[in-house]
Amino acid sequence: MEAQKKILVLCGGKFAFKALQLLAFEKFICAIGIGKGNHTIIDALEREAEDNNFGFKSFPNTKSISEMRTWIDKIQPDYIFCISFPFLLPESVLAYGENKFINFHPGPLPQYRGPMPIFEVLKNQETETAICVHFMNSKFDEGNIIFNDSIVIETGDTYGKLTVKLSEHLAQVALNTANMLQFANNIPNEPQDETQSYYYEKPDLSDTYINWKRMTAEEIISLINACNPWNNGADATLLGEQIKIISAYLLNESHENQPGTIVSFTNTLNIACEDKKQIAIEILSAEQGIMTASQFIALKPVLAEILN
């Protein structure tokens, strides 16, 4: 019987944990490397590595990547899996072996290249996303595709909910890939279609900001969901105040108000949108902290009198 393939996993934190647990249970992992990450996560992974006799190394910054090739040469893995690893691997590291490095990208490729595809697919109102398994080259997210494994985006999915679902799905995808590598000599793959490719940079304020005059109610809800919880909500201006909207839903009532104005208050703040629809804000964040719509209104007695 052929010996079990040894897999070194390079990861970036909690998103990879379920995959690490499953790969370890099935005896595939020989070492773990983590890029950046907080001390709690690094310490937890290091303890797990020690308990299971795995190799372990932390790569806290880009300079530390210069030590990676020597470490890999010492461990001699059959394959290297990358799961949300934050740094680009240079040619000197990738030269360890052709088609030895496999990345698990939490979005469909080549349409959603970049560091935060989960945010982008939600903001763009996609109905499904994917874990894309692909060989790596010296550019982010551009290596030949092995397969895209799709997953449905459900109504109401937030960044947090979809991240958890993808993390759970990734575990099985990573195990399936490991088993495929165990029994297949040649892994089918194909170049990415560059005519379909798009690279999304990490979102900034212009990407997370609600433009009441230009965005439809559905677009606003999608942005709010895409920003919860990683950005603590979508950025917005309301009553001249900078806030973050954390939770809201589409209100099936028309209006004749200016976009961005408060139409009414019914335990939710009901805001006019440019397409004559409304959104109902449930939870938001202001200078005073995170609060319900009712608590926000209570801070503005004059407005409360008008709305009531």
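Guide: Here are some questions and answers about this predicted model.

Visitor: Why is Cys30 called buried?

Guide: Its relative accessibility is 16%, and buried means under 20%, so Cys30 counts as buried.

Visitor: How do you know how many disulfides there are?

Guide: A search of the whole structure finds zero. Take Cys30: the closest cysteine sulfur, in Cys82, is 13 Å from its own. A disulfide needs two cysteine sulfur atoms within 2.5 Å, so that is too far for a bond.

Visitor: And what about Cys227, is it buried or exposed?

Guide: Cys227 has a relative accessible area of 0%; the limit for buried is under 20%, so Cys227 is buried. Cys227 is in no disulfide either, as the nearest cysteine sulfur, that of Cys273, is 15 Å away.

Visitor: What makes Phe140 exposed, partly exposed or buried?

Guide: The value for Phe140 is 35%. Buried would be under 20% and exposed over 50%, so Phe140 is partly exposed. You can find Phe140 in the loop between β6 (128-135) and β7 (145-152). Together with Leu88 and Tyr199, Phe140 makes a nonpolar surface patch of about 250 Å².

Visitor: Which residues touch the most other members of the largest nonpolar core?

Guide: Those are Phe81, Phe104, Leu269 and Ile279, in a core of 76 residues. Helix α6 (residues 159-183) gives the most to this core, ten residues. Leaving out residues up to four places away in sequence, Phe104 touches several residues, including Phe81, Ile131, Leu170 and Val173.

Note on methods: Residues are numbered from 1 along each chain as its sequence is written. This is a predicted model: local features need pLDDT of at least 70, side-chain atom pairs count only at pLDDT 80 or more; totals for chains, interfaces and linings use all residues. Side-chain values use heavy atoms; hydrogens and water are left out. A nonpolar core is a set of buried Ala, Val, Leu, Ile, Met, Phe, Trp, Tyr and Cys residues joined through side-chain atoms within 4.5 Å. Buried means under 20% relative accessible area, exposed over 50%, partly exposed in between (1.4 Å probe, protein chains only). Helices (H or I, at least four residues) and strands (E, at least two) are DSSP runs, numbered from the N terminus. Contact means heavy atoms within 4.5 Å. Patches are made of residues with over 30% relative accessible area and no salt bridge: like charges are joined within 9 Å, nonpolar side chains (Val, Leu, Ile, Met, Phe, Trp, Tyr) within 5 Å. Accessible areas come from the Shrake-Rupley method with a 1.4 Å probe; for residues, only the protein chains shown count as cover. A salt bridge is a side-chain nitrogen of Lys or Arg within 4 Å of a carboxyl oxygen of Asp or Glu.
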